[in-house]
Amino acid sequence: MEKIDKRANILEAAEKLFIELGYEATSTRQIAKDAAVNMAMINYYFGSKDGVFMEIMSQRIADFNAQLSCLDQGNMSGMEKLLKVIEGYTTRILSNPGFHKMMHRELSMPQRPEMFFKIKNSMAQNLMIIEKIITDGITEGSFRQVDVRMLIATIMGTISNVAISPSKITSGTTLDINNEEDRELITIRLIDHLKDLIITYLTPKNDT
């Protein structure tokens, strides 16, 4: 139990530091200090700072993959599945916008291409499930013919844009994404917008 707690403590401390300081500015020494472990413990569990970062990312991607797989196998219509995806992904991203900003920033760094491609390939598996949900809906006739990948890019891009640059929708208001209550309102607003967009866009048009 103690080993599990130490491992979890390292991941929790590292995530907070990565968000606050960025990957480059975070040292294994600082992670060890904040996690109340020695540096040898970090090497034992993860091998390096890269290993800690990859574990954090892998866990999040795997969690979302499990959620998507359950949805895809569930006894729901294509539209119900897709709306659940939107709700789950939006909630997941906006529950911790700082982490999403950090991930977006770090994965754009050209000096870490190996890390980028590992994570990109893992994320691609999740996008394939979403693509399958939409494609199946088109095949069944419940969705109209659309550019599936452009639609996915629109959904994911909108969520990411709100998480990274919330001022685009909060400017001129008192809403603050760093405030828990405001963040909940923004999340609901974004989910409602995307659901309305998807239903309007994918519902087959009546030609009669």
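**A residue in helix α6**

Reply: F99 is found in helix α6, which covers residues 97–107. Helices here are DSSP runs of H or I with at least four residues, strands are runs of E with at least two, and both are numbered from the N terminus. The model is a predicted one, in which local features need pLDDT of at least 70 and side-chain atom pairs count only at pLDDT 80 or more, while totals for chains, interfaces and linings use all residues. Residues are numbered from 1 along each chain as its sequence is written, and side-chain values use heavy atoms, with hydrogens and water left out.

F99 counts as buried because its relative accessibility is 4%. Buried means under 20% relative accessible area, exposed means over 50%, and partly exposed is in between (1.4 Å probe, protein chains only). Not counting residues up to four places away in sequence, F99 touches E15, I19, I56, M57 and R60; a contact means heavy atoms within 4.5 Å. The C-alpha atom of F99 is also 10.0 Å from that of G22, although 77 residues separate the two along the chain.

The domain division puts these partners in context. Domain 1 runs over 1–47 and domain 2 over 54–202, with bounds that come from an automatic or database domain assignment. E15 and I19 therefore fall in domain 1, whereas F99, I56, M57 and R60 fall in domain 2. Between the two domains, 10 residues of domain 1 are in contact with 13 residues of domain 2. The C-alpha centres of the two domains lie 28 Å apart.

Leaving aside neighbours within four places in sequence, V85 is in contact with L68, L71, I130 and I133.

Beyond the residues up to four places away in sequence, M156 touches Y89, L127 and I130. I130 is thus a contact of M156 and of V85. M156 and L127 are 29 residues apart in sequence, and their C-alpha atoms are 9.7 Å apart in space.

N161 lies in helix α8 too, which spans residues 148–164. At 34% relative accessibility, N161 counts as partly exposed. With neighbours within four places in sequence left aside, N161 is in contact with P166 and K168. Its C-alpha atom is separated by 9.8 Å from that of K101, which is 60 residues away along the chain.

A36 is an exposed position, with 67% relative accessibility. This residue is found in the loop between α2 (28–35) and α3 (39–46). A36 has a positive phi of about 60 degrees although it is not a glycine. An unreviewed UniProt entry places the feature "DNA-binding region" at residues 27–46; UniProt positions follow the numbering used here, feature names are shortened, and annotations may be inferred rather than shown by experiment. That span is 80% helix and 0% strand, and its end C-alpha atoms lie 14 Å apart.

Now the chain as a whole. There are 10 helices and 0 strands. Of the 208 residues, 39% count as buried. Among contacts between residues at least 6 apart in sequence, 71% join residues at least 24 apart. The C-alpha trace spans about 70 × 40 × 35 Å along its principal axes. The accessible surface comes to about 12,000 Å², and 53% of this belongs to carbon and sulfur atoms; the areas come from the Shrake-Rupley method with a 1.4 Å probe, and for residues only the protein chains shown count as cover.
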